[in-house]
Amino acid sequence: MKRALMFAAAFAACGQLHAAGIGIRAGSTGIGADVAWNVAPTIDARVGYSALKWNYDVNTSNVAYKGDTRLSNLNALLDFHPLGPIFRLTGGVIFNDNKYEATGHPNVGPGSVNAKVEAGNKAAPYLGVGWGNVAGAGVNFYADLGVMFMGSPKATLTADCTGLSAGQCSALQSQAASEQGALEDKLHRFKAYPVLSIGVTIGF
């Protein structure tokens with residue numbers, strides 16, 4: 001509901017301005033849409049949302065994880081066109097609920113661990129370049145290339161002691177506690193998340 005209200009407000013604002021556009025896109029932050037409108041001669045404001053889910057398995061030295069990556073990104077950006085409507089510089093914030101959820105099975109010993117890894121920055125700064133004007137008149141293509149600074153990943157692991165003895169459960173809990181850092185290190189490359197997307201926009 002919150003996202004729908006934000007998009008409705010954006011559409012209302014667009015109706016009062018001279019140049020505006022709606023875009024549909026797909027890329028590394030998911031499949032989604034943008035609304036953009038002109039706020040100054042060379043500057044457009046843009047808000048959008050994208051989401052995606054896919055299977056992703058991770059192996060550390062001690063545990064094999066099978067799970068899903070879930071992307072949910074709400075962007076609030078400014079597009080600056082210093083050389084005309086085609087090339088632009090883009091900056092802003094991407095409010096994200098990106099996470100990795102998995103079940104891990106230790107290489108040695110019984111039981112399993114449940115893992116959840118979230119972005120360190122829920123409000124991730126974004127910087128990039130782009131081509132195409134989302135708020136431009138007519139039908140156009142647009143693309144973005146940049147980096148979302150999600151921060152160091154934060155992992156939470158819990159031991160699943162179903163069917164285990166007290167001693168086995170204690171050993172699994174200790175392993176889960178020590179495994180947290182290993183999983184964070186394995187996913188550390190997502191600290192600076194590459195953003196690449198392409199889409200089509202209709203301006204009016």
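**View 1. I202 sits out in the open.** I202 is exposed because its relative accessible area is 51%, and exposed here means over 50%, with buried under 20% and partly exposed in between (1.4 Å probe, protein chains only). You'll find I202 in strand β11; strands are DSSP runs of E with at least two residues, helices are runs of H or I with at least four, and both are numbered from the N terminus. Keep in mind that this is a predicted model, where local features need pLDDT of at least 70, side-chain atom pairs count only at pLDDT 80 or more, and totals for chains, interfaces and linings use all residues. Residues are numbered from 1 along each chain as its sequence is written, and side-chain values use heavy atoms, leaving out hydrogens and water.

**View 2. A look at helix α2.** S170 lies in helix α2, residues 166-186. With 39% relative accessibility, S170 is partly exposed. From S170 to K116 it's 54 residues in sequence and 20 Å in space, C-alpha to C-alpha.

**View 3. Aromatic rings get together.** The structure has four aromatic pairs (ring centres of Phe, Tyr or Trp, the latter by its six-membered ring, within 6.5 Å; planes under 30 degrees apart are stacked, over 60 edge-to-face, the rest tilted). Y56 and F190 pair edge-to-face, 6.3 Å centre to centre with 75° between the planes. This pair links distant parts of the chain, 134 residues apart: Y56 is in strand β3, F190 in the loop between α2 and β11. F190 also pairs with Y193, this time tilted, at 6.2 Å and 35°. F190 is partly exposed at 26%, whereas Y193 is buried at 9%. Together, Y56, Y100, F190 and Y193 make one aromatic cluster.
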